[in-house]
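Biologist: I would like to go through this model with you, from single residues up to the whole chain. Shall we begin?

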Amino acid sequence: MEDDVTRLPDLASRRMGGSVVDANDELFAERENLIRPEAPAYSPATFGHRGQVYDGWETRRRREPGHDHAIVRLGLPGVVRGVVVDTAFFTGNYPPEVSVEGAGVEGYPSPAELRAADWAELVPRSPVQGDARNQFPVTVPQRCTHVRLSIYPDGGVARLRVHGEPVPDPRILAGGPVDLAALANGGVVSGCSNMFYSSPANLISPGEARVMGEGWETARRRDDGNDWVEFRLAGAGVVRLAELDTSYFLGNAPGWASLRAVDARAADPADPGAWTNLLPRTRLLPDTRHRFRLDAGAEATHVRLDVYPDGGMARVRLVGRLAPAARDELALRWLNLLPEGHARQVLASEGGLEDAEAARLAGARPLDSVALLPQPLATLLGG
C-alpha cells in the first residue's frame, strides 16, 4: 500500500467515534484495544490473572476448527482505501493469516444482525508477520459502515487501522447549517505548509481536542514567511461562521490568523489572485476558542487558513450552507457507493418504492441525476 494511503483518516479510530461492537473471543486482551488511536505499547513481564498483559486484542488458543473475528463500527463511514493490521509485540502468538470484510448497513444494528449482514471482501485471506505493520491496499468502491477482521485461526493483533475517504449520509447534511470543513461531512485537508509536530487533519477531526497533541502544530519559523492549511470543503457553499480554536496551545499559539476562499469551479486555486478574504488578519489568544461571524460572500469550494507566523491550533470549524448543486452531488455519490442491499433498503424505505422497483433502480446505478430518484427521497436529500 502506498504511503499516501495511510495519510487518509483512520475511519475506525476511537478518536473518530469508532467502536468494536462484537468479537467471538477476547480472553487474553480486550477487543477495544484494536482501535485505540495511540501506538501500541508493551511492558515486559507484566502478568495478570490471564497471562501477559498485551496492548491489543488476543484470543485463546483454539482447540477446535474455526477462526476468530472482531467487528468494528466505523466512526466515519466511507470508502476504504487501505488497511493496516498491526501485530506489534505479538511474536509467538500472532495469527498466521488474516482477512478483512466490509459491510454497509442502515441504522445501528445489533451484533447478531451484523453477523448476518452482506459482507464484501476488502482484504482476502492473507499471510501476516508478527511484530509488524502489515499493510494491504483495498480497491472495493463501496461505502462501508462496518468492517470485520478475521484471524486464522487465533492469536493477537495490536491495532487495526482502516484508512479511507469519509462518505457522509446526505440525509444528515440536508437543510440546516453544517460544518463544511469537517472530516465527518466530507471535508479534507488539500494542502499544508508544515506538519512537523502533528497532522493538519486533526483540525477538522470529530470532537474537541483533549491535549495539545491532538491539534496541528508547525515547526518554529526562522524566516519572514508564515504557515498555512488549505481545506477542500465537503461541497460548495457559503461560510458564515468560523471557529479558530487554540485550546491547549499556550506558548505556541499563532499570534494572528486570516481566512481566504476560492470557488474552484470558476477559478484556479493555484492563482493567488483568485482568493477572496473571509476573515482579515486577526489577533488570536492562546488557549481560546475564537468565533467569528463572516459576511455572506460567494460560494466557495476551498478555504485557506493562514497563521502568523507559525504555531499550533486545536480545531477549525467553518459553518455554512451547502449550495443546491453540492447537495445533489453528495447525494448521488452516497447513493451510488452504497452496497446493493443497502441501496435497495434506502430506496424502499425512504423513496416509497416497491421492492421490485427499488431493486431495479439500485441495479441501474451509478445514477447521474437526482431527477432519477423517487420524489420522497429527493425531497429528503434537499432536492
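Biologist: In which loop is Asp287 found?

Modeller: This is a predicted model, and local features are taken only at pLDDT of at least 70. Asp287 has phi near 50 degrees, a positive value in a residue other than glycine. At 42% relative accessibility it counts as partly exposed. Asp287 is found in the loop between E17 and strand E18 (289-293).

Biologist: What is the phi of Tyr248?

Modeller: Most residues other than glycine have a negative phi. Tyr248, found in the loop between strand E15 (227-245) and E16, counts as partly exposed at 41% relative accessibility. Its phi is positive, near 75 degrees.

Biologist: Which residue does a cis peptide bond join to Tyr308?

Modeller: Most peptide bonds are trans. Arg281 lies over the face of Tyr308, at 4.2 Å from the ring centre. The cis bond of Tyr308 has omega of about -10 degrees.

Biologist: Where is the place of Pro366?

Modeller: The peptide bond from Arg365 to Pro366 is cis, with omega near 10 degrees. The place of Pro366 is in the loop between H5 and H6.

Biologist: Which helix do the buried residues of H5 pack against?

Modeller: In H5 (residues 355-363), the buried residues are Ala358, Leu361 and Ala362. They cover an arc of only 100 degrees around the axis, so they are on the same side of H5. The face turned away from that buried side carries the exposed residues Ala356 and Gly363. The buried residues pack against helix H4 (340-349).

Biologist: What covers the buried residues of H4?

Modeller: The residues in question are His342, Ala343, Val346 and Leu347. Seen down the axis of H4, they fall within an arc of 130 degrees, so they line one face of the helix. Their cover includes strand E9 (143-152), helix H2 (170-173), helix H3 (324-337), H5 and helix H6 (375-380).

Biologist: Is Asp263 buried or exposed?

Modeller: Asp263 is found in the loop between strand E16 (256-262) and strand E17 (276-283). Leaving aside neighbours within four places in sequence, Asp263 is in contact with Glu299, Ala300 and Thr301. Its relative accessible area is 17%, and the cut-off for burial is under 20%. Asp263 is therefore buried.

Biologist: What separates the C-alpha atoms of Gly213 and Ser349?

Modeller: Gly213 lies in the loop between strand E13 (188-192) and strand E14 (216-217), and counts as exposed at 52% relative accessibility. Beyond its neighbours within four places in sequence, Gly213 is in contact with Ser198 and Asn202. Gly213 and Ser349 are 136 residues apart along the chain, and their C-alpha atoms are separated by 43 Å.

Biologist: How many aromatic pairs does a search of the whole structure find?

Modeller: A charge over a ring does occur: Arg125 lies over the face of Tyr152, at 3.9 Å from the ring centre. For aromatic pairs, the search of the whole structure finds zero.

Biologist: What is the radius of gyration of the protein chain?

Modeller: The chain has six helices and 21 strands. The globule rule gives 21 Å for 383 residues, and the chain's value is close to that, so it is as compact as a globular protein of that length. Of the 383 residues, 52% count as buried. The radius of gyration is 23 Å.

How values were computed:
Residues are numbered from 1 along each chain as its sequence is written. This is a predicted model: local features need pLDDT of at least 70, side-chain atom pairs count only at pLDDT 80 or more; totals for chains, interfaces and linings use all residues. Side-chain values use heavy atoms; hydrogens and water are left out. Rings of Phe, Tyr and Trp (its six-membered ring) pair if their centres lie within 6.5 Å; planes under 30 degrees apart count as stacked, over 60 as edge-to-face and the rest as tilted. A charge sits over a ring if NZ of Lys or CZ of Arg is within 6 Å of the ring centre and within 35 degrees of the ring normal. Buried means under 20% relative accessible area, exposed over 50%, partly exposed in between (1.4 Å probe, protein chains only). Helices (H or I, at least four residues) and strands (E, at least two) are DSSP runs, numbered from the N terminus. The arc is that of the directions from the helix axis to the C-beta atoms. Contact means heavy atoms within 4.5 Å. The radius of gyration is taken over C-alpha atoms; the globule rule is 2.2 Å times the number of residues to the power 0.38.
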